[in-house]
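Dear colleague,

I am handing over the structure below, together with notes on what turned up when I went through it. Please read the notes with the model open beside you.

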Amino acid sequence: MAVGFKVKFYWYQIGHGDLLHSFFSTVAYNLEGEKWGSCFPVIMKELYQGRIKWENADKAIEELSIIQKELQTFTPDKIIWDIEDLSKQPPWGSNISKDITDLSNYFVTSDGKDFISVFLHALKKAKEVNSDLEIKSI
């Protein structure tokens, strides 16, 4: 099932829900010491429950900036596909593009865009139009 971010009537495509779950899992495992939401509560708790209130967009942008910077210090082999089952691997295994150099650029949407850039754009739109950012399935 495909997922994306919805802000009012704007749609930001992500792709398969497993990719989004992997982003959350990777952040929780590598950046929060497996303590979900301990460092990034807006993204890891609020968004994981399905929405970020537009009033929290600035805080989410700040958290995403830190996440991106910290993920740059991890090599692609540190990807966590599913924090509930660490034995799970991405469907493509280790066969990834040479353009993927670290975990900050590992996540790519189904239409080939950098996930973190798309996420940032959606957060900025939420702030601009005073509307919540929601995870939606289609």
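Helix α3 covers residues 57-71, and at 1.5 Å a residue its 15 residues should span 21 Å, which agrees with the 20 Å that separates its end C-alpha atoms. Here the expected span is 1.5 Å times one less than the number of residues in the helix, and helices (H or I, at least four residues) and strands (E, at least two) are DSSP runs, numbered from the N terminus. Within α3, the buried residues include Ala57, Ala60, Glu63, Leu64, Ile67 and Leu71; they lie on the same side of α3, because they cover an arc of only 120 degrees around the axis, the arc being that of the directions from the helix axis to the C-beta atoms. Buried means under 20% relative accessible area, exposed over 50%, and partly exposed in between (1.4 Å probe, protein chains only). Among the elements that cover these buried residues of α3 are α1 (17-31), α2 (41-47), β3 (51-52) and α4 (115-129).

Before going further, please note that this is a predicted model, in which local features need pLDDT of at least 70 and side-chain atom pairs count only at pLDDT 80 or more, while totals for chains, interfaces and linings use all residues. Residues are numbered from 1 along each chain as its sequence is written, and side-chain values use heavy atoms, with hydrogens and water left out.

Not counting residues up to four places away in sequence, Ser25 touches Trp36, Ile80, Trp81, Asp82 and Ile83, where contact means heavy atoms within 4.5 Å. Just after α1, Gly33 takes a positive phi of about 55 degrees.

Turning to the strands, β1 (residues 2-7) and β2 (residues 10-16) run antiparallel and are joined by 6 bridges; two strands are taken to pair if DSSP finds at least two bridges between them. Val7 has Tyr10 of β2 as its bridge partner, and the hairpin that β1 and β2 form has 2 residues between the strands, with Lys8 in the turn at a positive phi of about 55 degrees. β1 also runs antiparallel to β4 (residues 133-137), to which 5 bridges join it, and the partner of Phe5 in β4 is Ile135.

Finally, Ala126 in helix α4 is buried, with a relative accessible area of 2%. Leaving aside neighbours within four places in sequence, Ala126 is in contact with Val7, Trp54, Ser131 and Leu133.
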